[in-house]
Amino acid sequence: MSATDATDTQARTKRAAAGVATTTPMSRMTALARAELTLLGRNKGTVFAALFIPFVMPFSVRAGAKEIDLAGAGLTIGTLVLPAAIGFSLLFAVYSALVGVFVVRREELVLKRLRTGELRDVEILGGSALPAVLSGLVQSLLLAVGCAVLLDLPAPSALHLAVVGLLLGLVMCAALAAATASFTKTGESAQVTPLPFTFVSMLGSGLFFPLDLLPDRLAALCELLPLTPVITLVRGGWTGDLSGAEAMGATATAVAWTVLAVFAVRRWFRWEPRH
């Protein structure tokens with residue numbers, strides 16, 4: 001047992017002996033998530049971007065799909081639109097929304113005050129991210145049902161790949177949001193700093209068109225983008241044409257980006273306003 005764990009155990013024992021109710025990491029994160037959800041609901045701009053845009057953007061994908069030879073890429077309207085819709089949800093409901101949350105809470109000294117209590121750093125970040133992550137999860141499930149009904153999308157051939165892709169995407173986008181917030185100075189700039197990753201992902205991760213239509217070298221480069229493995233796994237979960245090696249490669253890429261983002265957060269995340 002480390003010295004930190006021993007100290008925490010002793011503190012909990014003293015509180016219990018004094019009649020003070022002890023808390024668990026999950027209860028502390030849940031309480032923080034409830035408070036964050038209340039604050040998030042008061043920000044109309046964030047709610048609009050997180051809830052409305054992911055449901056509207058797939059219509060532009062469907063309109064643009066008329067100019068694409070989907071049959072040549074082995075896809076249908078449904079298998080193009082559904083992964084794109086989930087990608088938009090991850091980008092706007094999770095990533096972009098959380099960048100603003102982390103930066104604004106830091107500028108308001110909320111994060112600094114939270115660190116003076118029982119909450120550990122990972123619990124603060126996890127509890128703050130939980131509402132957005134759950135929102136992205138619910139949106140993705142609703143989009144899957146909607147695409148299945150409206151686009152006559154059959155049941156997924158390899159559901160486990162789609163589930164793995166979605167879960168990896170949620171965790172990765174939350175970690176990337178915290179990493180982006182590390183280099184974002186103000187709440188106003190938090191509306192700008194997510195844009196490069198958002199635009200690159202929209203253009204290069206297969207949201208608007210399959211990567212098979214790109215030149216080989218460019219496609220190979222796009223496969224290394226953070227959101228590409230998520231789209232690949234979700235799409236492969238429905239089409240069933242993703243080989244084991246390709247699935248493992250996509251999973252490894254997503255995990256690598258997540259680990260890199262976590263390292264960046266541990267190294268550069270700031271808990272006080274940047275001046």
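Modeller: The discussion below takes up these features one at a time, and the model in view is a predicted one.

Colleague: How many salt bridges does the model contain?

Modeller: The count is 5 salt bridges. One of them joins the side chains of Glu123 and Arg28, with an N to O distance of 2.9 Å. This pair links distant parts of the chain, since Glu123 belongs to helix 7 (residues 121–150) and Arg28 to helix 2 (residues 25–42), 95 residues apart.

Colleague: Are Glu123 and Arg28 buried or exposed?

Modeller: Burial is assigned where the relative accessible area is under 20%. Glu123 has a value of 3% and is therefore buried. Arg28, at 12%, is likewise buried.

Colleague: Which residue forms a salt bridge with Arg105, and which with Glu107?

Modeller: Arg105 pairs with Glu108, their closest N and O atoms lying 4.0 Å apart. Arg105 counts as buried at 9% relative accessibility, whereas Glu108 is partly exposed at 44%. Glu107 pairs with Arg106, and there the closest N and O atoms are 3.1 Å apart.

Colleague: How is the packing of two helices described?

Modeller: Two packed helices are described by the angle between their axes and by the distance between those axes. Here, the axes of helix 4 (residues 53–64) and helix 5 (residues 77–107) come within 8 Å and cross at roughly 145 degrees. The crossing of helix 4 and helix 5 is right-handed.

Colleague: What span does helix 12 have, and what span is expected?

Modeller: Helix 12 (residues 244–268) has 25 residues and reaches 36 Å from its first C-alpha to its last, close to the 36 Å expected at 1.5 Å a residue.

Colleague: Which residues of helix 12 are buried, and what covers them?

Modeller: The buried residues in helix 12 include Ala247, Ala250, Thr253 and Ala254. Thr258, Ala261, Ala264 and Val265 are also buried in helix 12. What covers the buried residues of this helix includes helix 7, helix 8 (159–182) and helix 11 (228–239).

Notes:
Residues numbered from 1 in each chain as written. Predicted model: local features only at pLDDT ≥ 70, side-chain atom pairs only at ≥ 80, totals over all residues. Heavy atoms only, no water. Helix = DSSP H or I, 4+ residues; strand = E, 2+ residues; numbered from the N terminus. Buried < 20%, exposed > 50% of the residue type's maximum accessible area, 1.4 Å probe, protein only. Expected span 1.5 Å × (residues − 1). Contact = heavy atoms within 4.5 Å. Axes fitted to C-alpha atoms, helices over the stretch in contact; angles between N-to-C directions. Left-handed = near helix turned anticlockwise from the far one by under 90°.
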